[in-house]
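Let's take a short walk through this model together. Keep your viewer open and your selection tool ready.

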Amino acid sequence: MSLQQLLADAVAAGWLPEVFQYPFVTYALIAAVMVGPLLGALGTLVVVKRLAFFSEAVGHGALTGVAVGILLGEPATQPVAALFGFCMSFALILHWVKSRTQVPYDALVGVFLAFAIALGAALLLYVAKKVNVHILENVLFGSILTVTPADLMLLGGISVISWVLIWRYGNQALMSALQPDLARVQGAGGRKTNVTLLDYGFVLLIALITVAAVKIIGAVLVGALLLIPATTARLISSNLRSFFIRTLMISTGCCVAGVVLPMALEIPIPSGAAIVLLASSVFLLVVLFRQLGWSQRLA
Amino acid sequence: MNAYASTDAGFMVEGHEVKGPSIELDQLSLSFGEHQLFQPVSMTLAAGKLHMLTGANGAGKSSLLKCMAGLMPHQGDIFWHWPVGLDSGLDSSSERDLREAQQESQKVAYIPQLEAFDATLPITVEDYLLASIQPKVFFRRPADKEQQRLALLLSTVGLDQKSQRKIGQLSGGERQRLLFARALAQGASLWFLDEPMNGLDQKAQQQILQLILQLKADGCTLVMVHHDPAFVEAYADHEVRVVDGHVIDGRVVGGPEVEGAEVEGAEVEGAVLDGRMTVSGVDKKADQKKKVTL
């Protein structure tokens with residue numbers, strides 16, 4: 001019995017709301033449950049490594065990746081190869097230049113971001129001649145309607161790879177982010193540590209996640225979800241474990257709610273926008289609670 | 001007469017057991033573009049001693065230390081000559097055991113100048129040490145054995161009451177002691193310390209000094225940047241001065257200098273730090289090159 005059949009039976013028996021009779025809802029929810037924890041987990045490292053602006057830039061670079069993919073003949077709704085190729089090149093070249101110049105990192109990211117967006121904007125003119133530009137909105141801001149079983153397979157594969165890497169190299173990545181020189185000399189996580197390789201690996205992982213999350217959250221908003229849940233959890237956590245768990249909870253909760261709420265309330269907004277709006281609201285609420293002095297109880 | 005004698009754990013130098021290596025600088029120099037920070041220098045820093053690098057601000061002492069630790073590209077070579085016991089207490093036919101024991105004893109520590117952590121970062125002293133010294137990923141609960149090891153470690157550096165404190169909320173002295181705890185947990189026997197007492201009050205300085213003296217008594221090799229002549233006079237075994245672009249092999253403060261490369265009854269294993277910040281050494285027994293990235 002397929003998953004869809006199982007859900008249809010559950011709907012018929014009245015155990016699930018009617019909305020689950022549509023396959024795209026199931027697919028979107030599965031995607032949300034996979035992508036939420038993944039973005040949360042990487043988000044904790046993004047915050048410690050201070051790579052928030054970088055991950056935003058990689059997401060925005062996706063605009064150009066999408067345009068390149070369509071111009072090279074990839075399907076407009078799924079330009080995965082070009083998206084990954086561009087995001088990866090963007091991230092690697094940026095990181096390589098960073099290690100070879102004295103330019104402050106935020107300034108460097110700003111230059112690369114501006115270049116990527118300008119290039120994307122220039123290419124969109126040609127893309128508009130080939131496809132309806134509105135199709136791009138789905139790729140840039142996410143749409144639950146377009147998630148397919150093939151997307152879920154891709155997302156599942158990338159999730160497994162990412163979790164294995166986090167499990168194996170999490171401590172090393174964390175300690176290298178905190179004190180790179182110490183990790184170079186003394187190692188981290190009880191092992192010898194190649195800080196440069198870890199840095200490049202992490203950057204690649206962010207590019208990979210951007211591609212994985214493109215259908216549900218949208219390329220442009222992935223960076224936001226790498227940043228907001230971890231930044232929020234950081235405000236209310238007193239140790240690493242609670243920081244990690246709370247980030248995952250906020251991230252997953254926002255992803256699921258961002259898929260379900262617009263449907264339930266019949267608000268026609270992209271899923272990515274809904275997810276990020278929810279995450280931002282949680283952040284603002286936590287800031288407000290802290291201002292009101294309720295933070296001690298939360299932490 | 002050679003001052004070294006082999007023991008199970010290392011070597012004796014004048015009744016003092018040695019675990020750390022000697023450090024050989026071979027035509028070491030450092031340039032930034034056209035500017036040469038210091039001229040080529042060759043010297044040996046003896047094993048199991050407290051060496052202090054002194055000089056004016058900006059003279060290049062910290063850079064010299066970072067070169068020795070393999071953290072800075074440079075010209076020339078640096079060798080760490082680890083003492084390798086022939087009578088190691090292990091079955092010498094078991095090459096693998098011997099190698100593992102050697103690797104275990106060949107740990108290096110680096111204590112940088114006092115640096116602040118972000119005060120809001122939700123990383124506690126316990127989190128920091130566990131993520132540093134054991135592979136179990138940081139969001140999993142530590143095993144009881146690790147907890148016990150951690151408690152012992154923290155009490156060694158006097159931080160047992162601070163295990164749940166965020167690292168960004170520690171005082172300067174506590175932060176430095178946390179770094180010592182991290183290196184102690186790894187069993188380092190070669191220590192590079194970059195003005196570890198800078199910015200600390202007198203009590204904190206005393207605590208750090210006690211740790212350093214204990215390491216020296218344990219036979220570790222310590223190379224430390226320091227600027228206070230009275231401190232150097234009181235505690236250093238050997239002084240290396242960086243003056244006007246020259247590295248000068250200064251006076252031996254605490255007795256006659258011994259050459260680590262001439263160890264009788266021991267094999268000497270070399271580790272070369274080349275300009276690309278890698279360590280490679282020649283295992284004389286196997287006559288094969290091995291390369292380990294720092």
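Start with the lining of the largest cavity: by class it holds nine nonpolar, two polar and two charged residues (Ala, Val, Leu, Ile, Met, Phe, Trp, Tyr, Cys and Pro count as nonpolar, Asp, Glu, Lys and Arg as charged, and the others, Gly among them, as polar). This is a predicted model, in which local features need pLDDT of at least 70 and side-chain atom pairs count only at 80 or more, while totals for chains, interfaces and linings use all residues. Residues are numbered from 1 along each chain as its sequence is written, chains are lettered from A, and side-chain values use heavy atoms, without hydrogens and water.

A cavity here is a set of points, on a 1 Å grid over the protein atoms alone, where a 1.4 Å probe fits but cannot get out; lining residues have an atom within 4 Å of a point. The whole structure has four cavities of 30 Å³ or more, and the largest has a volume of about 110 Å³. Now select A:Asp151, A:Val211, A:Ala212, A:Val214 and A:Lys215, the closest to its centre among the 13 lining residues. Next, colour α7 (149-178) and α9 (195-212) of chain A, the elements that each give two or more residues to this lining; α7(A) supplies the largest share, three residues.

Then move to helix α12 of chain A, residues 271-291. Finish at A:Gly293, which follows α12(A) and has a positive phi, near 85°.

Notes: Helix = DSSP H or I, 4+ residues; strand = E, 2+ residues; numbered from the N terminus. Expected span 1.5 Å × (residues − 1). 1 Å grid on protein atoms, 1.4 Å probe; cavity = no way out; pocket = protein on both sides within 12 Å on 5 of 7 lines; lining within 4 Å. Points joined across faces, edges and corners; volume = space filled by probe spheres on them.
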